[in-house]
Amino acid sequence: MRQVLGAVGCIPLAKLGFALPAQAARVPSVPLAPISKEDDQFLDDLERTTFQYFWDQANPKTGLVKDRCNVRGNDTGVVASIASTGFGLTGLCIAANRGYIPRTAALDRVLVTLRWLWGKLPNHRGFFYHWANINTGERVWDAEVSSVDTAILLCGVLTCRQYFGAAEVQALADDIFGRVEWTWLSEDTSLLPHGWTPEIGFLPYRWDNYSELMMMYLLGLGSTNFPLRDDAWSAWKRLKFEYDGQRYIGSFAPLFVHQYSQAWFDFRGRRDKYADYFQNSVIATDVHRRFCLELSRKFPSYSDDLWGITASDSPSGYVIWGGPPAVGPIDGTIAPSASAGSLPFLTQPVLRVLKHIKDHYPYAYTKYGFVNAFNPLTNWYDDDVIGIDTGITLLMAENVRSGFVWNTFMKSEEAQLGMSRAGLKKY
């Protein structure tokens with residue numbers, strides 16, 4: 001299974017059929033193009049609905065957030081994802097800041113979650129199991145201790161520490177982050193493994209190609225207790241792609257690999273010796289849009305109003321697809337989070353798609369925002385909403401509107417140290 005998934009380690013697997021207060025100085029930001037009041041209201045509505053997932057589908061006694069939820073019926077699933085929980089922690093900051101829920105309610109939920117993460121949720125050397133029982137925290141499906149999913153969770157933890165500033169939040173966040181032994185993960189290699197299990201030890205697959213891995217390496221470089229070696233940032237490959245005259249760094253992987261790290265880390269106006277990664281994601285998103293338009297000859301529903309493919313559900317199960325080059329058996333399915341996760345990179349074209357879906361495909365829009373996927377050619381609509389895809393939609397919508405997640409997370413000393421050690425400098 002891991003060979004099939006390759007580098008895309010933080011995807012949900014529930015449909016694969018397995019039973020399985022001193023603060024750092026604020027980092028200056030490069031402003032995005034302003035959006036209209038109408039677009040701002042659309043995104044506000046989208047944020048409210050997507051946040052509701054993280055409020056409703058978290059156990060209020062543990063703070064753990066479901067990996068996915070069936071929105072057509074009575075969902076009885078008990079599988080939580082630590083990545084979804086990381087998005088949910090950040091969502092609580094957004095909701096408190098926007099007034100979607102009272103700040104006290106958000107803080108209470110954050111404290112419940114951090115206490116559970118620190119004292120009760122099983123971990124190994126600070127890294128958490130990919131999936132856990134939402135009620136008990138017990139490991140589910142023989143899940144691996146996941147390096148990248150732990151990184152997503154840590155991004156949420158640090159965002160809460162910087163936003164709420166309460167003494168207990170700060171202490172718990174410091175403890176949770178501080179016990180993560182990046183040096184154990186990188187003991188004999190600069191290329192971090194995907195994870196570890198008690199049964200087989202380290203998984204044989206490495207984070208060795210450009211992907212959502214950037215957040216993980218930056219957090220490891222930003223650790224003071226167990227820091228990664230200086231050469232870790234340069235160890236992974238940056239493959240060059242070209243499509244329709246556009247050149248960019250990429251992978252044989254879905255579009256989300258260009259999005260996840262940049263939901264928290266603000267790469268705008270920065271570059272290392274290899275690239276400006278924000279502009280790289282701008283190009284990669286536009287290339288993906290053009291790729292979908294070219295596919296319209298085979299799948300006529302694809303257009304400037306409707307494009308976006310990333311790892312998602314399909315009528316035949318969960319599929320790892322994207323492009324260019326084409327990955328997976330593309331069949332005309334649309335994954336709304338593919339475009340939504342690129343809101344900061346290609347704002348107006350993405351808004352055009354999201355508004356078109358909501359206006360013309362009402363069955364694709366639910367009380368928690370967009371379903372994970374749908375196929376307008378076959379009239380198939382997913383029954384599920386998936387936490388990480390809903391999360392990237394929520395965070396990127398807020399970043400487009402205000403830069404709130406970037407500005408809050410980047411106040412953390414860990415984020416600033418990580419980017420500095422990676423050689424990411426303002427220019």
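G77 lies in the loop that joins β1 (68–70) to β2 (79–81), where strands (E, at least two residues) and helices (H or I, at least four) are DSSP runs numbered from the N terminus. The model is a predicted one, in which local features need pLDDT of at least 70 and side-chain atom pairs count only at pLDDT 80 or more, whereas totals for chains, interfaces and linings use all residues. Residues are numbered from 1 along each chain as its sequence is written, and side-chain values use heavy atoms, with hydrogens and water left out. With a relative accessible area of 37%, G77 is partly exposed, a class that lies between buried (under 20%) and exposed (over 50%) for a 1.4 Å probe and protein chains only. The C-alpha atom of G77 is 9.9 Å from that of Q57, a residue 20 positions away along the chain.

Helix α4 (residues 103–119) comprises 17 residues and should span 24 Å at 1.5 Å a residue, which agrees with the 24 Å between its end C-alpha atoms; the expected span is 1.5 Å times one less than the number of residues. The buried residues of α4 are A106, R109, V110, L111, T113, L114, W116 and L117. These buried residues pack against α2 (37–56), α3 (82–98), β4 (127–128), α5 and α6 (167–178), contact being taken as heavy atoms within 4.5 Å.

Helix α5 (residues 147–164) also packs with helix α8 (residues 214–221), at an angle of about 65 degrees and with the axes 9 Å apart. Axes here are lines fitted to C-alpha atoms, for helices over the stretch in contact, and angles run from 0 to 180 degrees between N-to-C directions. The two helices α5 and α8 are therefore roughly perpendicular, on a scale that sets roughly parallel under 35 degrees, roughly antiparallel over 145, roughly perpendicular from 65 to 115, and the rest as oblique. On the α5 side, S147, V148, A151, I152, L154, C155 and L158 meet M215, M216 and L219 of α8. By class, this contact of α5 with α8 has 9 nonpolar residues, 1 polar and no charged, with Ala, Val, Leu, Ile, Met, Phe, Trp, Tyr, Cys and Pro counted as nonpolar, Asp, Glu, Lys and Arg as charged, and the others, Gly among them, as polar.

The axes of α5 and α6 come within 9 Å and cross at roughly 155 degrees, which makes α5 roughly antiparallel to α6. In this pair, L154, V157, L158, C160 and R161 of α5 meet V169, Q170, A173, D174, I176 and F177 of α6, and the residues of the contact divide into 8 nonpolar, 1 polar and 2 charged.
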